[in-house]
Amino acid sequence: MKQIVSATALALILAACSSQEPAAEPEADIATATPTASDDDSAVEDISAGDADAAMDAMERDDATDGSTANASARSEVQAIPEAFRGTWATSPENCSARSFYRVTVQDDRVNFFEDGGFASDIRVKGHALAVTYPFENPNGETEHRVVYFARETEDRIRIREGDGESQTYVACPDQ
């Protein structure tokens, strides 16, 4: 009788298991799935101007201590400026077409202001903030290393701070 009950129990268990979806299928779907906005480095979560400044402040503090603080572990050095920060940005939509101090262009490997900017020698990301260091030749012919900080507020707004100056909000310019 025990063998009959055990055989019946085994048959029920096998029947129950065979009616379920195999566990491997969802994993296969994930591996071949099209990336969603959350997987795309250009997707951003909206933050306030104050939060953007706080993110840049934290990055600047890490830079001042050469990354030796406990928070530096959340910072990562990357090879290219993330897509979310790239593009042409201006202080207002009217300044998008002007070649002026009110506009900046960010590419994967450089930052270009009106009379400043250059190839990125160091790119660091921490949360919503980005820091880009680039060499700049001053009027005396000496090379300085300048840092510009960025924080994305929304899909079409970015906050920028050069060195230890005040930050300012820029808007995304249409492709030129």
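Reply: In this predicted model, C96 and C173 are joined by a disulfide, with an S to S distance of 2.1 Å. The cut-off for such a pair is 2.5 Å between the cysteine sulfur atoms, and by this rule the count comes to 1 disulfide. C96 sits in the loop between β2 (87-90) and β3 (103-106), while C173 belongs to the segment after β10 (168-172), so the bond ties together parts that are 77 residues apart in sequence. The torsion about the S-S bond of C96 and C173 is about -85°, and the disulfide is therefore left-handed.

Burial can be given for each cysteine. A residue counts as buried under 20% relative accessible area. C96 has a relative accessible area of 5% and is buried. C173, at 11% relative accessibility, is buried as well.

M56 is part of helix α3. The relative accessible area of M56 is 0%, so M56 is buried.

On the surface, a patch of negative charge is formed by E45, D46, E155 and D156. One of these residues, D46, lies in the loop between α2 (24-32) and α3 (49-64).

Methods
Residues numbered from 1 in each chain as written. Predicted model: local features only at pLDDT ≥ 70, side-chain atom pairs only at ≥ 80, totals over all residues. Heavy atoms only, no water. Helix = DSSP H or I, 4+ residues; strand = E, 2+ residues; numbered from the N terminus. Buried < 20%, exposed > 50% of the residue type's maximum accessible area, 1.4 Å probe, protein only. Patch = residues over 30% accessible without salt bridge, like charges linked within 9 Å, V, L, I, M, F, W, Y side chains within 5 Å. Areas by Shrake-Rupley, 256 points an atom, 1.4 Å probe, with all protein chains shown as cover. Salt bridge = Lys/Arg side-chain N within 4 Å of Asp/Glu carboxyl O. Lys, Arg positive; Asp, Glu negative; His and termini not counted. Charge placed at Lys NZ, Arg CZ, Asp CG, Glu CD.
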